[in-house]
Amino acid sequence: MDEENMTKSEEQQPLSLQKALQQCELVQNMIDLSISNLEGLRTKCATSNDLTQKEIRTLESKLVKYFSRQLSCKKKVALQERNAELDGFPQLRHWFRIVDVRKEVLEEITPGQLSLEDLLEMTDEQVCETVEKYGANREECARLNASLSCLRNVHMS
């Protein structure tokens with residue numbers, strides 16, 4: 001799926017629920033593979049190495065684009081046509097893995113209680129207040145806000 005080759009008219013076309021789900025699931029497969037590679041680089045390679053750092057940044061950039069793609073697909077489906085399955089994209093737990101927010105923080109959040117889209121609509125201060133309620137520390141909050149800023153920029157462009 002090559003985001004750069006998508007024309008502006010294709011990007012703005014409404015999608016059927018079925019087509020949006022197919023695209024979100026396809027992108028989710030790419031997200032799953034990329035996260036697995038990213039976590040492997042973070043845990044099995046010397047993160048101080050320049051090549052490792054470059055690979056990590058490349059994967060993080062790809063993942064931001066994948067999440068943006070899911071948000072775009074979802075947005076193209078009329079609100080009244082959306083279902084719970086489509087509303088499950090993009091997955092907050094995957095975003096937290098990319099940003100390296102501790103698993104314990106995510107485990108405190110009840111499914112459906114908070115979404116990536118909710119966080120995208122918040123100010124930096126609101127994001128910190130929200131995730132700190134679930135046990136996130138200042139460093140995680142800063143990383144989360146930086147990553148949300150990148151996602152907003154990619155998604156709006």
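Me: How far apart are the end C-alpha atoms of residues 24–76?
Reply: This span is 89% helix and 0% strand. Helices (H or I, at least four residues) and strands (E, at least two) are DSSP runs, numbered from the N terminus. The end C-alpha atoms of residues 24–76 lie apart by 12 Å.

Me: What kind of model is this?
Reply: Residues are numbered from 1 along each chain as its sequence is written, and side-chain values use heavy atoms, leaving out hydrogens and water. Local features need pLDDT of at least 70, side-chain atom pairs count only at pLDDT 80 or more, and totals for chains, interfaces and linings use all residues, for this is a predicted model.

Me: Which UniProt annotation covers residues 24–76?
Reply: UniProt positions follow the numbering used here, with feature names shortened, and annotations may be inferred rather than shown by experiment. The entry is unreviewed, and its label for residues 24–76 is "domain: Kinase suppressor RAS 1 N-terminal helical hairpin".

Me: How are H3 and H9 oriented to each other?
Reply: The axes of H3 (residues 50–75) and H9 (residues 138–156) come within 9 Å and cross at roughly 55 degrees. Axes are lines fitted to C-alpha atoms, for helices over the stretch in contact, with angles from 0 to 180 degrees between N-to-C directions. Under 35 degrees counts as roughly parallel, over 145 as roughly antiparallel, 65 to 115 as roughly perpendicular and the rest as oblique. H3 and H9 are therefore oblique.

Me: Which residues of H9 make the contact with H3?
Reply: Contact means heavy atoms within 4.5 Å. H3 brings Val64, Lys65, Phe67, Ser68, Leu71, Ser72 and Lys75. H9 brings Cys150, Leu151, Val154 and His155.

Me: What kind of pair do phenylalanine 67 and tryptophan 95 form?
Reply: Phenylalanine 67 lies in H3 and tryptophan 95 in H5 (residues 92–99), so the pair ties together parts 28 residues apart in sequence. Rings of Phe, Tyr and Trp (its six-membered ring) pair if their centres lie within 6.5 Å; planes under 30 degrees apart count as stacked, over 60 as edge-to-face and the rest as tilted. Here the centres are 4.9 Å apart and the planes at 70 degrees, so the pair is edge-to-face.

Me: How are H5 and H9 oriented to each other?
Reply: Trp95, Phe96 and Val99 in H5 meet Arg143, Leu144, Ser147, Leu148 and Leu151 in H9. The axes are 10 Å apart, at an angle of about 115 degrees. H5 and H9 are therefore roughly perpendicular.
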